[in-house]
Amino acid sequence: MNMNVIEASGLGKRYGGTWALSECTLAIPAGHVAALVGPNGAGKTTLLNLAVGLAEPTAGGVTVLGGLPPGSPAALDGIAFVAQDMPVYKNLSAADMLHLTRNLNRHFDQPYARARLAELGIPLNRKAGKLSGGQQAQLALTVALARRPRLLVLDEPVAMLDPVARHDFMATVLTAAADDGVSVVLSSHVLAELERVADYLILLSRGRVQVAGEVDDLLASHRLLTGPAAEADRYSERPVVHVRRGEAQAHLLVRAAADDPVPPGWEAHPVGLEELTLAYLREPGAAALPGPGRDRTLPFETGQPSEVTR
Amino acid sequence: MDIDKGTGEGQAGVSPAGAGGGDRSTAPSGQAAAASPIEFRLDAASGVPTYLQLVHQVEHALRLGYLKPGDQLPKVRDVVASLAINPNTVLKAYRDLEVKGLAAGRPGQGTFVQATLSQVALPELTALRRSLSGWLAAADGAGLDEDGMVALFTSALRDFYEHRSGARTRGGAAGGETEGVA
Amino acid sequence: MTALTTPARPKRDAGLPPVPWRRMAWVTWRQHRAALAGVAVFLGALAVYLWLTGLQIHHSYAIACHPASSLDCTINFTGRYGITAIVVSMVLQAVPALIGAFAGAPVLARELETGTFRYAWTQGIGRWRWTLGKLVPLAVTVAAAAGAFSALFSWYNQPFLAAGYVMPFSTRVFDLRGVAFVAWTLAAFAIGALAGMLIRRVVPAIAATLAVYAGLAFATTLYLREHYMTPLLTSKLSLPGSAWIVSQWYARGGKFAFPNHGPQIVNALSRYCPGTSNVPAAQCLSRHGYTQWTSYQPGSRFWPFQWIEGGWLLALSVLLIAATVWLVRRRAA
């Protein structure tokens with residue numbers, strides 16, 4: 001399983017005069033649940049639309065499932081996409097949606113889909129528009145998974161769901177990943193549940209890739225140092241991503257391994273995914289990308305990152 | 001010493017759940033026969049990495065006797081279905097237990113408990129408790145409050161294990177016990 | 001990092017067989033059966049009306065109009081049903097536009113407006129096959145319904161033609177008979193489909209379709225149709241009633257003098273032929289050296305004109321649908 005489910009090289013997309021995405025280079029490996037994270041307007045939907053063939057790049061290129069062009073028959077076959085707002089045809093019943101999806105695709109696991117809907121208690125003959133939001137989402141997800149894709153792409157899947165529906169939805173997605181080896185790429189701007197769900201992280205900020213890598217690697221390569229505020233400016237042993245300082249105490253989020261020596265008088269803690277993500281989002285100039293040069297000092301000077309006064 | 005109140009440990013939330021009870025597994029209900037004695041829970045707000053919470057819950061179940069050697073740990077897909085967590089996290093936790101020698105995977109069947117935690121004999125436990133009480137008295141006399149004692153202990157514990165295990169488990173120390181630092 | 005297990009799957013290469021067209025037929029039927037039912041009900045209601053009144057008309061014609069120019073015919077047939085025929089044919093002018101707008105525009109516009117295209121265009125069949133698999137069957141169905149309706153109207157209209165009440169080239173009925181009605185309906189559908197793709201919202205697309213159709217219909221009726229074939233010229237003063245007069249003018253000494261309307265002929269008549277009506281005016285003016293020239297299309301050209309009009313409308317429809325499919329293929333959200 002060595003292929004990359006999504007591979008982009010210098011990918012850019014311009015709408016009118018604005019670049020929604022620019023110089024996006026990444027390679028999401030298969031067999032992961034990858035979270036695409038960023039503030040609203042960062043370009044997440046654009047990137048996903050480019051990957052599933054709903055939009056054409058303005059610059060650069062993107063391939064999927066190990067080199068296929070997006071929108072090609074093989075790519076359409078192997079990728080199932082559930083867009084934001086879970087589009088289902090409101091005046092078709094769930095049974096109609098199953099029948100529809102079966103007719104529009106080469107492969108469709110009808111028994112799985114029926115069993116799944118029965119398990120969820122979704123009535124087959126009621127119009128989809130009359131189902132609850134969570135049920136519509138599960139319906140859209142069921143027809144997507146019944147296509148037995150190799151890659152499932154979800155655009156802000158849980159944004160409009162209540163907590164129970166959200167949990168059930170993600171449980172379905174992750175079970176499919178566990179059972180069938182489906183790779184998942186999902187976008188979200190909710191950070192709280194990421195650590196539980198994702199093992200690959202891509203952080204988009206203002207249309208550029210800021211962070212890309214396996215979650216374990218990212219967490220292992222960052223530390224939070226707590227120490228005297230007076231020494232914070234002089235710290236230069238490792239690249240500093242973000243500084244938070246009070247009068248006497250400062251926290252530095254640095255790129256360092258777990259066994260790096262800690263300066264005397266300082267304490268080192270591991271960093272959680274949410275804290276890491278927030279720190280990078282506050283520092284648009286910082287980046288953590290895989291590849292050679294990962295451990296080089298970052299372009300910006302240490303000590304100049306923006307500071308948050310407590 | 002009551003580990004339940006430890007700040008760094010995953011909460012001891014194991015329960016002797018019945019066969020697959022309560023989880024919204026998507027498997028047909030005919031799989032009840034292969035259920036595990038324990039059921040995992042997740043404390044999303046605790047700050048402890050998920051895989052560590054699972055590891056601690058298994059270790060705690062072993063200590064309390066809910067799990068015995070030969071018992072099967074919950075199937076990966078059942079854990080995923082009920083907790084909505086990444087399958088690789090469960091795999092990582094089970095691998096961690098394998099490295100520690102507590103569990104072993106059988107291909108096609110699942111992961112099974114292999115050994116129990118080394119039991120410490122009762123006299124030793126009593127002696128350890130007495131020396132700990134002495135330390136607590138000294139700390140109290142020096143002016144440390146409860147949180148201060150916990151912080152000091154946790155910090156020393158972490159240093160102790162970092163010295164001992166080095167880089168035995170990649171990321172194991174980095175993701176290790178968190179601290180209750182203000 | 002351990003990868004998730006993968007089940008064995010047949011190798012999928014780029015040369016995949018396409019999803020068969022007949023599967024798309026069910027999709028089109030299921031998604032548009034309401035629209036098709038609407039068209040059927042609409043045309044059906046009109047057809048019932050035409051059938052019932054047509055029976056009366058035929059009956060009345062059979063009784064009163066032998067011969068067709070008799071007074072009996074004028075009173076009991078033309079007098080009774082003439083106005084009805086005019087109103088009916090004017091109302092029916094709107095039918096192709098309505099069918100095209102309400103059947104054609106929502107096909108793409110609704111998908112784009114509700115966002116369901118994000119589902120439809122990421123399915124295995126691919127988006128241009130999906131589009132073609134919808135537009136072509138719908139177009140053919142709509143055209144077939146229009147054809148049947150047009151035949152019914154021709155039957156309804158036949159007594160009025162025979163009685164000389166309406167001429168074949170009359171703008172009221174030309175595009176309701178023969179192949180023109182089918183072609184106009186097809187064109188309206190194609191305009192609707194393209195409008196739906198360009199405008200991406202249902203109600204504005206319907207409005208735009210009606211507007212564009214109306215413009216095209218007026219332009220054709222007023223300017224384009226008379227030029228399908230070069231009109232015949234004659235200086236004869238009496239023409240068969242079925243002829244379509246395109247224009248008339250007077251010439252003297254081989255040179256153009258003035259057209260058959262306007263201030264100039266009025267002046268000429270008042271100078272040479274005071275107090276006379278049109279036909280005698282021509283004779284009267286001819287005694288003063290003026291020759292009346294008429295450019296006209298003979299009634300026998302009715303069917304050639306139908307084929308020409310049907311032909312270019314069909315070509316336009318094909319072009320518009322091809323453009324719609326091309327746009328779907330090229331652009332997206």
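**Helix contacts and cavities in a predicted model**

User: Which residues of helix 2 of chain B make the contact with helix 6 of chain A?

Analyst: Helix 6 of chain A contributes A:His167, A:Ala171, A:Leu174, A:Thr175, A:Ala178 and A:Asp179. By class, the contact has six nonpolar, three polar and two charged residues. On the side of helix 2 of chain B, the residues are B:Arg77, B:Val80, B:Ala81, B:Ser82 and B:Leu83.

User: How are helix 1 of chain B and helix 3 of chain B oriented to each other?

Analyst: Helix 1 of chain B spans residues 50-64 and helix 3 of chain B spans residues 87-99; their axes come within 8 Å and cross at roughly 45°. Helix 1 passes helix 3 of chain B in a right-handed crossing. Given the angle, the two helices of chain B are therefore oblique.

User: How many nonpolar residues does the contact of helix 1 of chain B with helix 3 of chain B hold?

Analyst: From helix 1 of chain B come B:Thr50, B:Tyr51, B:Leu54, B:Val55 and B:Val58, which meet B:Thr89, B:Val90, B:Lys92, B:Ala93, B:Asp96 and B:Leu97 of helix 3 of chain B. Two of the contact residues are polar and two are charged, while the number of nonpolar residues is seven.

User: How much space lies in the largest cavity?

Analyst: The count of cavities of 30 Å³ or more comes to seven. The space in the largest cavity is about 120 Å³.

User: Which elements give two or more residues to the lining of the largest cavity?

Analyst: The lining includes A:Leu186, A:Ser187, A:Ser188, A:Leu194, A:Arg196 and A:Val197. By class, the lining has seven nonpolar, two polar and two charged residues. The elements giving two or more residues are strand 7 (183-188) and helix 7 (194-197) of chain A.

Note on methods
Residues numbered from 1 in each chain as written. Chains lettered and ligands numbered in written order. Predicted model: local features only at pLDDT ≥ 70, side-chain atom pairs only at ≥ 80, totals over all residues. Heavy atoms only, no water. 1 Å grid on protein atoms, 1.4 Å probe; cavity = no way out; pocket = protein on both sides within 12 Å on 5 of 7 lines; lining within 4 Å. Points joined across faces, edges and corners; volume = space filled by probe spheres on them. Helix = DSSP H or I, 4+ residues; strand = E, 2+ residues; numbered from the N terminus. Nonpolar A, V, L, I, M, F, W, Y, C, P; charged D, E, K, R; others polar. Axes fitted to C-alpha atoms, helices over the stretch in contact; angles between N-to-C directions. Parallel < 35°, antiparallel > 145°, perpendicular 65-115°, else oblique. Left-handed = near helix turned anticlockwise from the far one by under 90°. Contact = heavy atoms within 4.5 Å.
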